[in-house]
Amino acid sequence: MNKKAKRAFQCGTVYSWVVFFILGSFVSSFAQRIDGIAALVNQEVITVTDLRIVKSFGLYDSQRRSQSASLIRSVLEELINQKLVQQFTGENVEMSKEQIDRFMADLEVRFGKQELKEKLDEFGINRVVLREYCTDFLVYKKIISERFSRSVVISLRDLEEHYQMVYIPEQKAKQEPVKQMMDILPEIEAAVQEKNTREQADEWMNNLRNKADIQIRLHEYMDFLDHDEQ
Amino acid sequence: MNWEGLVLMSRSTGVSELSQHSHFSVLVFLAVLLFLVNPFLFSNGLSYSQWSISHIDVQLDGKTAPSEITELIPITTGEVLSYHKISRIIKELYDTGLFSDIQVEKDGDEQASLTFILKSQPYVRNIMFRGSDNLPTNKIKKEITVLKEREPFYEGKLIQANKELEEILKQKGKFDPIINSYVRPSDDPSLLDVVFNIQTTNEYIIRNIRIKGDVIVPDSRLRKKMTLQEGNSYIRSTLEKDIEKLKELFSEEGYQRVEIQVNEDFSHPENVVSLVLNIKAHEKIEIEVSGADVPLSLLKPIWEANVFLEWGVDQGKAKIIRYLQKKGYLFANVRGSVVREENTIKILYRVFPGEKYKINDIVFKKIDYFTPEQLKSELAIRENAPLLSNITGDELFELPSEIESLYETRGFPQVRITTNFRKMGNRVDAVFFIEEGVQNKVEKISFQGVKELKPKDLLQSIETSEGGPFYQPMVQRDVENLENHYLNRGYRGTEIYSSSEETGEHSYYVAFEVTEGERVLIKNIVIAGNKITRRNTILREVLLQPGDYARYDEIRATKRRLENLGIFSKVEIEEVSLEPGSRNLLINVREGKRNYVSLGVGLETKNEPRSFQAWDSIIRPRGTVELIRGNIFGTGAHLSAVGQLSLKEKRGVVSWEQPYLFGIPVDTYLNAWLERESRKSYGFDRRGISLSAIKPLVRDENKLFMMTLRFARTSLFELKISESEVDRQFFPFSATSISGSLIWDQRDDSFNPETGYFASAVLEWAYPLFHAESDYLKLFTKYQQFLRIMPKVTFSFTSRLGLGKGRMPIHERFFAGGSNSYRGTPFDELGPKDPVSLQPVGGKALFLMNFELWFPVISYLKDLYGAVFYDKGNLFYKRSLFDLMDLQDTLGFGLRYTTPLGPLRLELAWNFDAPSDKKQPLVIVAIGHVF
């Protein structure tokens, strides 16, 4: 390619990019679906904004996240579980003001004052509204914990299995020393308790889900939510 | 080489190269600048948390939404919105029940245009079944509970409906069904049809039925009791009924706790099923009662469930004592014991009934707060009728706890009641000694936090009063009363707590802490769901206007008025929040069916059977057909056509009914009719038209005023009395009249009244108008009183007075006689007769009285009653002949069986004033009361 042609090619390319950016700007300012019904749980609405708030402030159990599902889908499933449990138990479970205050304070520590304020501004909510979301999350956790943790029985076999199948491999993967089981018995017990509670809770949740009318409409907002994640 | 040239050449080349280079650099700079500036200039909006609304667009089902839908969205242009606010609006819109989906689009950044994309909530128009020729589809449709016609449709319901349908089909013997269901939209986006395609089902034949376990009742007897047999098609619902029958068999043998489990073994290629019934009988329960005649059916139900033995025995004792007390064995005593034998539990009751007594009187002693009469009135104890007791034995023994409760509500927490009995032969007075104790009183009531309303008004809305009795549950009720008071004045979110404090000896200070909510105005009234009904038809029932406060009592009354129109299957009224202090009232209606057809076949008895002789056509069949079309033109009006046909009469009536008359809320009826009827002494053809208006006189009471304008033309085709100027055959008699009626109906039941009264008065003035001959004045009054003098014993009295004046043809005169007026004569035969034909001629003066007493005859036939009656009255040809000393008397008795449409009566009546050749009693068969 001679110089002239080369120049022409370069100019053409730049012109194209300029036009692209200008047009792209207009495209990006066209109407966009920003909110709607992400899911219905026995005719109770979970909006896209609810989903975004819960995800943004981490008001979900990250340990339950399914490996195959996207984060937003996992958060939605958690929200659906929350709603089902709320509907099942009615208004009978309360949280103390101190517990909620403590949780809100932990949030502030986790995100920092500035970031927390930015997050609140992003959705146009204040601390009072955030407190409602936090309360729903904490009540849900409390119900699960109270309903199942007491009824969970841990056998020696469970402890040994967890020690052999989970603790030792984890320690080796982290290249950390493997302690004796008796030395870390409380930690093992807590981990097994949590795992068994979660399994029982999952079974209960599945039962609730089977009886419920759940409609998921998340797919209609994936473009917007993908953009949000970026 | 020329250096200058070279220099020149190179310079020119350099300039050219320089300019091209610069040009390219500028473009690159621009591109980079745009790249950097782009996110700031043309943002996608995510970085902005709030926007000012420049434009709002609302779309419903792809089209611009009507204004009443747009009004539901509580935002205006210029307002600042955030994601959270939009989320709240979406939830509120969904809660209205009008939409199945709501999406919001935003266009722009700081100044944004918002579009609400709404989809109507679909309703199920029809539920249809395909591929199911021999299935009872109408019945199946009713058995499906999650999906109903005219109800909202949700996607999740379809799966549940499929599961339900599968179970229903199995119950009907159609196993392994393959069901495909889908929805079929209609032209109206808010209506859709649901179709269930039932592709295949399998029926199974019962190969064998084996009965195992505790086969205490012989196998053959069990099988005989069952409907399902080997070789039949297997239908689960039939088997369930058979299981109940088998349980009854076991129960009869004393095995009330029997359990029967069914195992099904399906064999698929052959489509047969083997059934095994596993019977577990448990213990046999034998109940023995000695010392009194007590039906075991009273005690057996206690042992059907697996109850604690001691509890069951005590329950049995209480039931026996109550049973005996009711019969008059006031001081009965029972001892119960349990004996366990091998696989048998014997419950033994030893009864000591004591003497039988009649309760003579109930006496209260040492009372101050009430007088004895007041106390009896509060406890609903009637005064004794002669020879009759006003209370049964079991009710007597419940009185102490009722008296205690009554006193507690009056502020006497320490009341003590002692019961003594004063025996006088076989009669007994029950004497209640009441130690009232000290009354707790309310010294002061205060309302804290009340700013908007007057405490004086709040005081009037509660039951507790200063100086009045203190009763904590009443104070609690008053919290609700106050909440309602605020709601009825348009306040929402008011919270009220009560507290009570003892201020001195038996005096209390009651405080109500009020956190007043906000007073809410109605901004708009939004109507949805009306496809046919006009908006005005609905709006005229609404008692609130935009700008009014949201008074809750008016909202409830509006709902009642809309329901009373009779054109809606459902009416819901909701308040949709807008800005603080303002709400939209959303009236969501579901229109009901509009077409009704009814067919009836019945019997009429106008003539009476002659006693001891063969009946001659006393009971005639009658057919009725009725067609109704409701909500004509969406105005709430109804059009009906009724036809009646029997051997003696034919009638056709067309009616137009509407709830308003020239905008005034008056039920109005326009009737046109043709009829032909044969009576005792004449037969007539009549055609006519009438306009009636009915208005309740007092709100919520059964007091009505009715006015009727009537034009009728009557021709007699058969006249069995002497002809006269007004009584003539084939020559029509026209009448125009106006009548006014007053009706008071305070009966507890229109068809089978036991208490209350009914009164009516009708004054009709017929005047010569439009070439009509009519010129008479007619008055008819009726009064009925019903008294329950004892449980299940009712006394009733009716009086009727009819007076007429002027030119009254035979068909307008009064007639009496027969099963529904005066039972001492055949139908229409009371009063004057034609001297030649001896047929009744009717009269212008009528007076009748009927007295009746009816009572139960057999305790286990609850709907069968005996009756005794006394009828007195007469019909006079002219008012001047009216004479209270010239009344006929009839006495009679009979049986009646209560039906939902009134009693079926079989009676014998003796007329003491009948001519000597007609002294034998008349037999009356009729349905409905005599009145």
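A: An angle of 65 to 115 degrees between two axes counts as roughly perpendicular, while angles under 35 degrees count as roughly parallel and those over 145 as roughly antiparallel. The model discussed here is a predicted one.

The two helices are H2 (residues 48-56) and H3 (residues 71-89) of chain A. Their axes come within 10 Å and cross at roughly 105°. H2(A) and H3(A) are therefore roughly perpendicular to each other. On the H2(A) side, the contact is made by Asp50(A), Leu51(A), Val54(A) and Lys55(A). Across from them, H3(A) supplies Leu71(A), Ile72(A), Val75(A), Leu76(A) and Leu79(A). By residue type, this contact has seven nonpolar and two charged residues, and no polar ones.

Next come the domains of chain A. The domain assignment divides the chain into domain 1, made up of 37-150 and 213-229, and domain 2, which covers 153-212. Between the C-alpha centres of domain 1 and domain 2 of chain A there are 25 Å. Eleven residues of domain 1 of chain A and eight residues of domain 2 of chain A take part in the contact between them. On the domain 1 side of chain A, H3 and helix H6 (127-149) each provide at least two of the residues that touch domain 2. H6(A) gives the most to that side, with four residues. That side of domain 1 of chain A comprises six nonpolar residues, four polar and one charged.

The C-alpha atoms of chain B fill a box of roughly 170 × 95 × 85 Å along the principal axes. Of the 931 residues in chain B, 26% are buried.

Two loop residues in chain B have a backbone feature to note. Most residues other than glycine have a negative phi. His282(B), in the loop between strands E11 (272-280) and E12 (284-290) of chain B, has a positive phi of about 60°. It counts as partly exposed, with 15 C-beta neighbours inside 10 Å. Leu838(B) also has a positive phi of about 60° and lies in the loop between strands E36 (793-807) and E37 (845-856) of chain B. Leu838(B) is exposed, with 11 other C-beta atoms within 10 Å.

Note on methods: Residues are numbered from 1 along each chain as its sequence is written. Chains are lettered from A and ligands numbered from 1 in the order in which they are written. This is a predicted model: local features need pLDDT of at least 70, side-chain atom pairs count only at pLDDT 80 or more; totals for chains, interfaces and linings use all residues. Axes are lines fitted to C-alpha atoms, for helices over the stretch in contact, and angles run from 0 to 180 degrees between N-to-C directions. Two residues are in contact if their C-beta atoms, placed from the backbone, lie within 7 Å. Ala, Val, Leu, Ile, Met, Phe, Trp, Tyr, Cys and Pro count as nonpolar, Asp, Glu, Lys and Arg as charged, and the others, Gly among them, as polar. A residue is buried if 20 or more other C-beta atoms lie within 10 Å of its own, exposed if 12 or fewer, and partly exposed in between; C-beta atoms are placed from the backbone. Domain bounds come from an automatic or database domain assignment.
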